[in-house]
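Visitor: I would like to learn how to read a ligand site and a helix pair. Where do we begin?

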Amino acid sequence: MDSSDAPLVQIINGPNLNLLGVREPEIYGTETLGDIETACAERAEQLGLDIDFRQSNLEGDIVDWIQEARLSHDGIILNAAAYTHTSVAILDALKVAELPVIELHMSNPHRREAFRHTSYVSLAADGMICGLGSHGYLLALDAIARLIELRRQGSES
Ligand code: DQA
């Protein structure tokens, strides 16, 4: 596929994910976010996707980026980190974006504290991948590629 035709996927990482590698390695592993970005870029190339990989500790940045994706991207992979469990603003941004959305978590929130069992993001996500560590990012790319392809086929017919 010509790179200009390649679907563009936004991969958004929320608060404290910039500290992967040093942050609770028994939960999140020892890879850095940079390592994960490199692995995502490799998988994206295999899948014929372009990616836009970002991280912020600020809820408003994430809302702004989702609003941007609505106009210029084909899908969103979102690890909203702690904002998953608190942010109505991120949920509302996802709802208006009307894009395929994969919710992602490295850990399995359902095996952790009760406050992690609620996800606002899930209310707007097509699917959710959790508990598989950094490999989840690659699986999320596989999933979003398929959702984007199905949507493109739907809009052609
Ligand atoms: C997380 C799970 C969240 O509960 C937590 O607040 C995070 C990371 C994960 O990737 O497992 O920061 O989203």
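Guide: With the ligand's surroundings. This is a predicted model. Arg 23, Tyr 28, Asn 79, Ala 81, Ala 82, His 85, His 105, Met 106, Ser 107, Arg 112 and Arg 116 surround the ligand.

Visitor: Which side chain has an N or O atom 2.7 Å from an oxygen atom of the ligand?

Guide: Look for pairs of N or O atoms within 3.5 Å. Here the side chain is that of His 85.

Visitor: How much of the ligand does the protein bury?

Guide: Compare the ligand alone with the ligand in place. Alone, the ligand exposes 320 Å². The protein buries 99% of that.

Visitor: Now the helices. At what angle do the axes of helix 3 and helix 4 cross?

Guide: Angles under 35 degrees count as roughly parallel. Helix 3 (residues 59–72) and helix 4 (residues 88–97) cross at roughly 5 degrees, and their axes come within 9 Å. Therefore helix 3 is roughly parallel to helix 4.

Visitor: Which residues meet there?

Guide: From helix 3, Glu 59, Ile 62, Val 63, Ile 66 and Arg 70. They meet Ala 89, Ile 90, Ala 93, Leu 94, Val 96 and Ala 97 of helix 4.

Visitor: How many of the contact residues are nonpolar, polar or charged?

Guide: Sort them by class. The contact of helix 3 with helix 4 has 9 nonpolar residues, no polar ones and 2 charged.

Terms used. Residues are numbered from 1 along each chain as its sequence is written. This is a predicted model: local features need pLDDT of at least 70, side-chain atom pairs count only at pLDDT 80 or more; totals for chains, interfaces and linings use all residues. Side-chain values use heavy atoms; hydrogens and water are left out. Axes are lines fitted to C-alpha atoms, for helices over the stretch in contact, and angles run from 0 to 180 degrees between N-to-C directions. Helices (H or I, at least four residues) and strands (E, at least two) are DSSP runs, numbered from the N terminus. Angles under 35 degrees count as roughly parallel, over 145 as roughly antiparallel, 65 to 115 as roughly perpendicular and the rest as oblique. Contact means heavy atoms within 4.5 Å. Ala, Val, Leu, Ile, Met, Phe, Trp, Tyr, Cys and Pro count as nonpolar, Asp, Glu, Lys and Arg as charged, and the others, Gly among them, as polar. A residue is near a molecule or strand if one of its heavy atoms lies within 4 Å of it. A polar contact is a pair of N or O atoms within 3.5 Å; within protein, one must be able to donate a hydrogen and the other to accept it, and residues adjacent in sequence count only if both atoms are side-chain atoms. Accessible areas come from the Shrake-Rupley method with a 1.4 Å probe; for residues, only the protein chains shown count as cover.
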